[in-house]
Amino acid sequence: MNKTIIEGFEWVFDGQRLKFLKEKAIWIEDEKTLLLADTHFGKAGHFRKAGIPVPEKIHFNDYERMDELIQLLNPLMVVFLGDLFHSEYNADWVTLNAYLNKHHKIDFHLVKGNHDILTDDHYLSARLILHHQRFNWLNYIFTHEPMALSVPGKLNICGHFHPGINLKGKGKQGLKLPCYFYQENCLILPAFGSFTGLMNMELSTGSEIFAVTGQMVIPIKIKNKVG
């Protein structure tokens with residue numbers, strides 16, 4: 001993997017430096033911490049149990065991307081911002097357990113999301129430090145869904161929405177891309193998992209959008225309020 005991944009797109013909140021990576025994850029270099037949202041591992045197995053023939057290999061690229069990030073960045077802590085495993089138990093849970101266990105030097109944290117419905121024993125046996133609603137750390141509040149009210153001086157970092165943006169060009173050409181979305185002390189990560197959709201975000205004055213392509217993260221300026 002190219003070393004430019006470490007550089008990412010640097011964004012600063014109250015003196016804290018975060019790097020938005022093209023792999024749809026945030027790297028907090030000063031704290032050696034990696035943030036990911038909405039991996040949805042096990043979603044393919046969930047569909048197969050329902051009789052829908054989704055290929056088992058659909059999550060392999062996500063594991064490979066995560067492993068490349070870990071090998072390159074060597075994080076001390078990885079925080080999953082909810083929806084780590086999709087819904088009920090299936091055989092893909094064994095794969096996730098094996099993956100976490102091979103990185104025994106990393107502290108893995110999970111802030112439970114709406115799809116994280118297994119018993120606490122499942123998560124704790126998988127070497128996960130479990131947080132049921134939020135994880136307060138430094139100047140950050142990690143949650144799965146955005147908080148209803150912002151906290152002065154604190155940045156709420158979350159997932160859940162799988163944010164996306166439509167970029168339109170000449171000749172009615174368009175492109176829909178995942179993005180990082182910031183508004184009012186809340187930063188929403190794009191979904192890390194490939195087996196997810198995109199939600200168009202409602203833009204307004206003060207919004208900050210960072211579109212994610214396969215090669216880079218591109219800041220999109222919002223000049224005027226939309227709507």
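This is a predicted model: local features need pLDDT of at least 70, side-chain atom pairs count only at pLDDT 80 or more; totals for chains, interfaces and linings use all residues.

Biologist: What share of the residues counts as buried?
Modeller: The cut-off for buried is under 20% relative accessible area. The chain has 227 residues. Of these, the buried share is 49%.

Biologist: Among contacts with a separation of 6 or more, what percentage joins residues 24 or more positions apart?
Modeller: Take the contacts in the chain with a separation of 6 or more. Residues 24 or more positions apart account for 63%.

Biologist: How much space lies in the largest pocket, and which residues are closest to its centre?
Modeller: A probe the size of a water molecule, rolled over the atoms, shows where space is left empty. The largest pocket holds about 370 Å³. It is lined by 23 residues. The closest to its centre are Pro146, Phe181, Gln183, Cys186 and Ile188.

Biologist: How many residues of the largest pocket's lining are nonpolar?
Modeller: The lining of the largest pocket includes 3 charged and 6 polar residues. The nonpolar count is 14.

Biologist: How does the lining of the second largest pocket divide by class?
Modeller: The second largest pocket has about 160 Å³ of space. Its lining includes Ile70, Leu76, His103 and Lys105. The division is 4 nonpolar, 4 polar and 2 charged.

Biologist: The structure holds 15 aromatic pairs. Why is the pair of Trp93 and Tyr123 edge-to-face?
Modeller: The ring centres of Trp93 and Tyr123 are 5.7 Å apart. The pair links Trp93 in helix α4 (residues 92-102) to Tyr123 in helix α5 (residues 120-125), 30 residues apart. Trp93 and Tyr123 are both buried. Planes over 60 degrees apart count as edge-to-face, and here the angle is 85°.

Biologist: What type of pair do Tyr140 and Phe142 make?
Modeller: Tyr140 and Phe142 are both buried. Their ring centres are 5.9 Å apart. Their planes lie at 10°, so the pair is stacked.

Biologist: Which residues form one aromatic cluster?
Modeller: The cluster brings together rings from several parts of the numbering. Its members are Phe9, Trp11, Phe13, Phe20, Tyr180, Tyr182 and Phe210.

Biologist: Is Met201 buried or exposed?
Modeller: Met201 sits in the loop between β14 and β15 (208-212). Beyond four places in sequence, it contacts Phe161, Pro163, Gly164, Phe181 and Ile188. Its relative accessibility is 15%, so Met201 counts as buried.

Biologist: How far apart in space are Asn185 and Val151, C-alpha to C-alpha?
Modeller: Asn185 lies in the loop between β12 and β13. Its contacts beyond four places in sequence include Phe13, Val151 and Leu155. Asn185 and Val151 are 34 residues apart in sequence. In space, their C-alpha distance is 7.8 Å.

Technical notes
Residues are numbered from 1 along each chain as its sequence is written. Side-chain values use heavy atoms; hydrogens and water are left out. On a 1 Å grid over the protein atoms alone, a cavity is a set of points where a 1.4 Å probe fits but cannot get out, and a pocket is an open set with protein on both sides within 12 Å along at least five of seven lines; lining residues have an atom within 4 Å of a point. Grid points are joined across faces, edges and corners, and a volume is the space filled by probe spheres set on the points. Ala, Val, Leu, Ile, Met, Phe, Trp, Tyr, Cys and Pro count as nonpolar, Asp, Glu, Lys and Arg as charged, and the others, Gly among them, as polar. Buried means under 20% relative accessible area, exposed over 50%, partly exposed in between (1.4 Å probe, protein chains only). Contact means heavy atoms within 4.5 Å. Rings of Phe, Tyr and Trp (its six-membered ring) pair if their centres lie within 6.5 Å; planes under 30 degrees apart count as stacked, over 60 as edge-to-face and the rest as tilted. Helices (H or I, at least four residues) and strands (E, at least two) are DSSP runs, numbered from the N terminus.
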